[in-house]
Amino acid sequence: MRIATPGRIDVAFSGSIAGFSRDTQFSVPAKGVTAIFGPPGCGKTTLARCIAGLEPLPNGFCAIDGEVWQDRTTFRPPHLRPIGYVFQEPSLFPHLSVRRNLLYGAPKPKPTPIAFDEVVELLEIAPLLDRSPSHLSGGERQRVAMGRALLSQPRLLVMDEPLGALDRCARREILPFIERLPEKLALPMIYIGHDMAEIEHFADYLVMMERGVVTAAGPLQVLQRDPALPLAASREAAVSLDAVVSGYDGRYGLLILRLKGARLLVPAPPFAPGVHQRLRIGASDVSVAREAPRAGSMINVFPARIRACLPLGAAEITLVLALGTGGSGTEILARITRFSFDSLGLKDGMDVFAQLKHVSLLSASEPPLQIVTTSRPAADPGQASAAA
Amino acid sequence: MDGFSPEIWESLELTVELASLTTVILLVLGTPLAWWIARSKSLWAEAVATIIALPLVLPPTVIGFYLLALLGPNGPGGLLASLWGGATLAFTFTGLVVGSVLSALPLMVQPIRNAFAAMGDRPLEVAATLRASPLYAFFTVALPVARTGVLTGAMLGFAHAIGTFGIVLMIGGNIPGRTKVLSAYLFDYVQASRWREASWLAGAMVMFAFAVILTLTLIDKYSGRRSR
């Protein structure tokens, strides 16, 4: 597979570094956000460092959008790879002001695709420009580090657990900025993380790692519900879906969202029709019925077909459900007890009804209409929820 | 200060010239050396660091003895001197500079090496991911970040060169106006029982040493507060 393909990120590093053997080979599209996901210590950071050329590994292969950075005969040193790299610790240069930190890697001829003013506005760092890095908070430093990486005009942005060194509060401050980047910039990104609760907000593709080995790579939604992978079988199993806003019911304050095979109603502020909205549907928030419930409080009930059944411990079962009559639509997960599974007589391939108790809105590609005028995004744009 | 004879002023000029030249050479030579020792993982770096550190432990007379052999008419120094018509580097100002550089080198290299080591790889990795070539990163990141260490090293080197005596005794030859530095005059005054001049000179050098050490401490304290 060691071929440079235009439009793709092709990576293969194998061998051992410091006695730790690895086999990391994957190919994902060179657009959107690719999350490299795995438990701490599984070699994610080393993989990112290999991509940047910071960890020279012989016999490695790395090509971004058809451009070979490293193969058997070539090794571009880090400073000749058009990469933006955000380290876990912001690592700002202590002897330079914020402004000069931002401009350190910026090419001198002025007109650049990623402009200084644009980055400063996007990351809201204008008030910090003339300060010294020692007078910034952890979250502010990481924002400056992100801006500095972007202004070096990279063809690939790598973020190595940029939230890892921050406290809970600063994480919540930074997350919206990370969500915003892929929408504002046509720049492929690799995000290293071990927390699915962060990754599901913005990742398009997922590369899963375990003990130095890439175990799976593909679109996030597909891997999340793949019965063969540990994500679907985990207790926090959920699917992240990108739905399109198709309307708003002002009388009841319900946002109407379209998915393949379903039309969701979610209590939320209004968004413009056509906006893409990321949803999270947790397996534990979905229940299953053999017949359409005639009277009930749940508003999101859809016909669905059981695609797979995965035992979860002794008492529970995770079902993969395809929404829509005949199971032609989006797949989601449902977690039910083995008792219900047996007493309802459920089996693989059966047509049932999926009842969605709770749908989380993770992010929108544009700020909600009602707060556009105040020009500041909501403090916490995620986690609007729908209850029964 | 009126007690000083013209010869002392001449010697002061010579001493400052020696110390300044030593410091410049040390900066040019010692900084890359400290960089290499701090970053190289090879055993050679430690071996070189040990050789550099030897003057700290050996009596100056031992260094002086070897320098005499190296710089004398029969050594490589003599050969070198013959290029411009000289016979020897011993008992010359050039020889004094060589000796002074060698004996001050460990004092210079150690703080700079420590500063580079304390900095770690990260700032340079960041610079590399921002398209900075290794050389550009050295001048724009490594040196400024390690500036306290460089400054400390330079001041220690300068101060040591001002006060150097043992090596001067061995390879200087006590030629007034050419190799007779302040410390050598002090020795002579004491030998000749000229106590008044000796005490003036000794007192002045104590004041100088006090000023240098105080300045270093203040720089350290000030820059420490800034980087925190």
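How many residues has the largest nonpolar core, and which have the most contacts inside it? In this predicted model, local features need pLDDT of at least 70 and side-chain atom pairs count only at pLDDT 80 or more, while totals for chains, interfaces and linings use all residues. Residues are numbered from 1 along each chain as its sequence is written, with chains lettered from A and ligands numbered from 1 in the order in which they are written.

The largest nonpolar core has 163 residues, and those with the most contacts inside it are Val158(A), Leu321(A), Leu333(A), Ala334(A) and Ala354(A). Such a core is a set of buried Ala, Val, Leu, Ile, Met, Phe, Trp, Tyr and Cys residues joined through C-beta atoms within 7 Å, where buried means that 20 or more other C-beta atoms, placed from the backbone, lie within 10 Å of a residue's own. Helix 5 (residues 93–119) of chain B gives the largest share of this core, 11 residues. Domain 1 (8–220) and domain 2 (238–385) of chain A both give residues to this core, so it lies between them; the domain bounds come from an automatic or database domain assignment.

Chain B and chain A also meet, with 15 residues from chain B and 16 residues from chain A in the contact (C-beta atoms, placed from the backbone, within 7 Å). Helix 6 of chain B gives the largest share of the side of chain B that touches chain A, 6 residues.

The table divides two sets of residues by class.

Note on methods: Two residues are in contact if their C-beta atoms, placed from the backbone, lie within 7 Å. Helices (H or I, at least four residues) and strands (E, at least two) are DSSP runs, numbered from the N terminus. A residue is buried if 20 or more other C-beta atoms lie within 10 Å of its own, exposed if 12 or fewer, and partly exposed in between; C-beta atoms are placed from the backbone.
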